[in-house]
Amino acid sequence: MSTTNAGIGAIFDEIADWLELDQANAFRIRAYRNAARTIDSWPKPLADFTDRPNAYAELPGIGEDLAEKIDEIVRTGSCAQLKALRRAHPRGLRELLRIPGIGPKRASRLFREAGVTTPRRLVVAARAGRLSAMKGFGPRMETDLLQAASAYLASGHRWKLSFAAQQAEAISRYLHESKGIASLDVAGSYRRQQETVGDLDILACASRGTAVTRRFLAYPDVARVLSQGPTRSSVVLKNGLQVDLRVIKPDSLGSALVYFTGSKAHNVALRRIAQKEGMKINEYGVYRGERRIAGETEQSVYATLGLPPIPPELRENRGEIECARQHRLPALIERSDLRGDLHVHTDASDGHASLADMVDAARKAGLSYVAITDHSRGLGVAHGLDADRLARQIDLIDRLNETSRGITVLKGIEIEILEDGTLDLPASVLRRLDLVVGAVHSHFKLSRTRQTERILRAMDQPCFSILAHPTGRLIGEREAYEVDLDRLIRHAGERKCFLEVNAHPDRLDLNDIGCRMARDGGMRVAICSDSHDQNGFAALRFGIGQARRGWLQSSDVINTLPLKELRTLLKATMT
DNA sequence: GCCGTTTTCGGCCCGACTGTTTTCAGTCG
């Protein structure tokens, strides 16, 4: 069992799953879930808390008992309670809970009465008609569960934000043509800019709700309708993405937005405040007794709780409510704050467009400077540049800068960090550049210590400006390599180099939590597109999304600076 | 299992939709 925060969170989540299957006390289960969430997003590694015993109990939602369990996991790398729970259940049973339509009650009945222990066995049992024979299960539920289990086995379970954005924008355009639409919002984790989303939640404010619902159900990409009602309908698209539509009355748009944007944890915290103040809050409004006192706008909902509006990206119950109460919420960075991009490829390495075309696209994306950072020779598959080809590109950029208007091109490279932490080209070559972006593209499997030492050593090389995609993860494809991010951040601060927030939709690296760690460590970052073609700059919005989720302000990001000030910072990294 | 400026015990968020029902349990968000 892993002792990283994510690992400890996963242990508590698994315990909660098993307790749920055992139908344990619901509040006890919630305590484990809350703890898992808190730990998962905690910006400092819990394994480093060893200086003070009982420090864990100071975390919100962690009491004496869970603190002891965390201590056990950190010390021994294992958790006796989880082991016992695993012994007491068939392994695959937990996976049944991931299938829509199956909760703890049905899962345990399926196990006890039909011998179903995995999603695959559920499919077999449903095909054999063994479910409809069970009391309360009926033929309709049998076919629904068969479909849901098959779909679960066939596809991934969460979608990248960029994919969700394409879908959301297409459906929104389609629904907008419906008569009487007053407003259309995509809420849920999409609005909070979570790196992956499980489904889309669309809120439609309309004079004639039935017309919108009808049009929604007739969307050409709908594969099947899961449910339909006057206020809520739910479909699965042909690509497998689930989309929910809520029809909202104009006077409750604000409370519906709050409710359906979530997160769940944020909403629970809001409702608790409301309750303490003798109010009730739901998707229709805020109520004092029978009287409705707010709901038309999000601002009105927060105001009744004595809070300023909280940006969607912060609504994770990670301290935003406390900060809002003290009027200390950060003024989050926006896309328009970005003046430049510091990580861009051309067809000189593995990009798909020429230098001139990429620069032109950067200008059209509203940027006033762009750094060209093709790969270095060590990345053979990307046709990386050696010293000679780099020298020719430098000359090319010099000539381009003499003639181009409205944008300045900076000379850079995305250089391989070799296994021993040295760089792929000598400092004598790198000194001609404006910046050096260092990256790990090999030896992902080094131990945590060796990987960390490798990157720290790279930062100490004479020319090192920015650490690209610091954890190397590819969303849904490759886990981050083992590395002590906390040390990287501290070291970058001392060395006065920077960490990247890579905005490529497959990476988002640093992610939200990494951004928050950088901020708490007093480190500035660079939000870069890693563009490989002219459309790549559009990804900057997703990097901004992670940065906002990580509480970053414009002043936390170096490529919001005017070129002159940025040059001063970069120059200092090149010695 | 956590928490407390009324509480160390008794609370812990709330409504929609579905299927199998005969008045409601289960799931979801």
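This is a predicted model: local features need pLDDT of at least 70, side-chain atom pairs count only at pLDDT 80 or more; totals for chains, interfaces and linings use all residues.
Local features are reported at pLDDT of at least 70 and side-chain atom pairs at pLDDT 80 or more, whereas totals for chains, interfaces and linings use all residues. Residues are numbered from 1 along each chain as its sequence is written, with chains lettered from A and ligands numbered from 1 in the order in which they are written.

Chain A is assigned domain 1 (5-88), domain 2 (93-154), domain 3 (159-248), domain 4 (252-325) and domain 5 (335-573); such bounds come from an automatic or database domain assignment. Between the C-alpha centres of domain 1 and domain 2 there are 29 Å. Five residues of domain 1 and six residues of domain 2 make up their contact, a contact being a pair of C-beta atoms, placed from the backbone, within 7 Å. On the domain 1 side, two of these residues are nonpolar, one is polar and two are charged. Here Ala, Val, Leu, Ile, Met, Phe, Trp, Tyr, Cys and Pro count as nonpolar, Asp, Glu, Lys and Arg as charged, and the others, Gly among them, as polar.

Helices (H or I, at least four residues) and strands (E, at least two) are DSSP runs, numbered from the N terminus. In α6, Arg-106, Ala-107 and Leu-110 are buried, that is, 20 or more other C-beta atoms, placed from the backbone, lie within 10 Å of their own; 12 or fewer make a residue exposed, and values in between partly exposed. After α6 comes Gly-115, with a positive phi near 65 degrees.

Around DNA strand B there are 40 residues, of which Gly-63, Gly-103, Arg-106, Gly-138 and Gly-229 come nearest; a residue is near the strand if its C-beta atom, placed from the backbone, lies within 6 Å of it. Elements giving two or more residues to this surface include α3 (64-76), α6 (104-114) and β4 (199-206). The largest share, five residues, belongs to α8. By type, the surface has 13 nonpolar, 13 polar and 14 charged residues.

Seven strands build an open parallel sheet in the order β11-β12-β13-β14-β15-β16-β17, where pairing requires at least two DSSP bridges between strands. At its edges, β11 (340-344) and β17 (525-528) each pair on one side only. Parallel strands β14 (residues 435-439) and β15 (residues 466-467) are joined by two bridges. Val-437 has Ile-466 of β15 as its bridge partner.

Key:
Two residues are in contact if their C-beta atoms, placed from the backbone, lie within 7 Å.
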